[in-house]
Amino acid sequence: DWLHGIYGLLIGAVLLATVERLERRGRMPALAADLLLLGAFAAFTFSLHALTHGLVTTLCVAVLGFAFVLATRLRPWRGLPWAMVAAAVVIGARIAWEPTIVGPDVLGKTPVFNALLAGYGIPAALLIASAWLLRNWPGRRLLDALQGLAALAGLLAISILIRHAMNGGVLDDRVPTLGEQSTYTLLLIGLSGILMTLDAKAPSLTFRYGSMAAGVIATLNILSAHLLVLNPFFSNDDVGTWPVLNLLLPGYLLPALGYAGLAIYARDRRPKPYVILLALTGAVLAFVWATLSVRWFWQGTNIGDWKGFLPGETYTYSVVWLLIGVGLLALGSRLDARSLRLASAGLVLISVCKVFLIDMANLEGILRALSFIGLGGVLIGIGLFYQRILARSNEAAPPAGDTP
C-alpha cells in the first residue's frame, strides 16, 4: 500500500523536523519532544506495516527502534531511546498474534536455521545491543526497561527454537515432554546465573530481581511439571534402557546439579531465603532422581505406579534414602549450609518413619532385619558426627568471664 506507506513516512519526517527546529530555538518542553518523537516512531511503524509483511515487518520494526537508539549519538533527546521499548512492545504484539512469524505453512522444519532464528533472534540481539550502548544513559528507568526486555527476548528466542526443534518443526499447544521441559528449566537456571553475574559487574535492579524471578519460575516448573504432571511414575512414560543415561538424567539429576551450583553461587549475593529455596529444590530433585532410579532398576523402562512395589525395591529405597541423608549432612557441614543439614534431618526422619511403618509391615526375614540394622547404624553414625561438631564448638568457645 504505497499511498499509506508514503503518507506515514512523510508524517514521521515532519514530526522529526519539528522536534529539530524547536529544539534549536530552545522552546521545546521535554514532554512535548518525547511525544513528538514517539509519534514519529508510530508513523514510521505504520508505514512499515503498509509497505511490508511477515518477517520483514518484524525485523524492520526492530531495526527502526535501534536506529532511534543510535540517534542518541547525534541528539541527546530523552525520548529517542524509548522508541526501542515501543518497538519491543510492537514486536511482542506481532509474536502474540502469529508466533511462527511467517505462518505455519511457510515455516520450515529445519532446526534452528529457520525464520524463527531471525524473527526472534535479531530483535533480541538489537535489544541487548541497545541496553549495552545506553549503559551510561542518565535515565535509570529506561536502562532497567531495556535490560529486562533484552533478557526476556533472549530467553524467548532460545525457548522457541528449542520448542520448534524438539517437536518436529511444528509449533502448537501440545504438552511438552519431560526432556523438553527440563531444557526450559535448565535455561532458566542458566539465565539466573547470567543475570547474577551481570549484576555483580554492573549493579542493576533488573539484574538483581530478574535473576531471582528466573530461579523462582524454574522452581515453580519443578513443582508443577517435573514432580507432578510429567513425572514418569504417574505418566508411565518410557524412561529408557540405559542406566543413568536415560530420561531421568535430564529430567532430575541435571537440574539438581544446576540448582546446587546456583545455590553455591548465590551465597552472599542474594537473600538467604532465596538461597535456601535453591538448595532445597536441588536436594528434592536429587532425592527424586535417586528414588526413580531405584524404581527403574527394579521395574524396567516403565515405572508407573500401577505396577506396585517389590520387597527388594522397598528395602532399597530405605538404603538409598539414608545414604542421601548422610551425604546431605556431610555436604551441609562442609559448606556450612544449614538448609542442607535441615534437608538431611528431614530425609532421615522420613526414612525412620518408612522403616517402622512400611518395612515392618511389608518386608520379611532377612530384609526386615537388615532394614532395622542399617537404620540403627546410620542413626548412631549421625549421633557421633554431631557429638564431634558440639565438641569442636565447645573447644572454640571462649571460657566464661573472658571477653571474646
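**View 1. Val244, partly exposed in a loop.** In this predicted model, Val244 has a relative accessible area of 45%, so it counts as partly exposed. You'll find Val244 in the loop between α9 (232-235) and α10 (248-266). Check the backbone here too: phi of Val244 is near 70 degrees, a positive value in a residue that isn't glycine.

**View 2. Val112, another valine with positive phi.** Phi of Val112 is near 70 degrees, again positive in a residue other than glycine. The loop that holds Val112 runs between α4 (82-97) and α5 (115-133). With a relative accessibility of 34%, Val112 is partly exposed.

**View 3. Phe287 and Trp321, a tilted ring pair.** To describe a pair of aromatic rings, you give the distance of the centres and the angle of the planes. The structure has seven aromatic pairs. In the one shown here, the ring centres of Phe287 and Trp321 are 5.2 Å apart and the planes sit at 50 degrees, which makes the pair tilted. Phe287 belongs to helix α11 (residues 272-299) and Trp321 to helix α12 (residues 311-334), so this contact ties together parts 34 residues apart in sequence. As for accessibility, Trp321 is buried at a relative accessible area of 12%, while Phe287 is partly exposed at 21%. The cut-off for buried is under 20%, so Phe287 with its 21% counts as partly exposed.

**View 4. Phe297 and Trp298, an edge-to-face pair.** Here the planes of Phe297 and Trp298 stand at 85 degrees with the ring centres 5.6 Å apart, so the pair is edge-to-face. Phe297 is exposed, with a relative accessibility of 61%. Trp298 is partly exposed, and its relative accessible area is 33%.

**View 5. A cluster of aromatic rings.** Which residues do ring pairs link into a cluster? They are Phe233, Phe234, Phe287, Phe309, Tyr317 and Trp321.

**View 6. Two arginines over aromatic rings.** The charged end of Arg135 sits over the ring of Trp132, at 4.0 Å from the ring centre. Arg269 lies over the face of Tyr265, and here the distance to the ring centre is 4.2 Å.

Definitions and conventions. Residues numbered from 1 in each chain as written. Predicted model: local features only at pLDDT ≥ 70, side-chain atom pairs only at ≥ 80, totals over all residues. Heavy atoms only, no water. Helix = DSSP H or I, 4+ residues; strand = E, 2+ residues; numbered from the N terminus. Buried < 20%, exposed > 50% of the residue type's maximum accessible area, 1.4 Å probe, protein only. Phe/Tyr/Trp six-rings, centres within 6.5 Å; stacked < 30°, edge-to-face > 60°. Lys NZ or Arg CZ within 6 Å of the ring centre and 35° of its normal.
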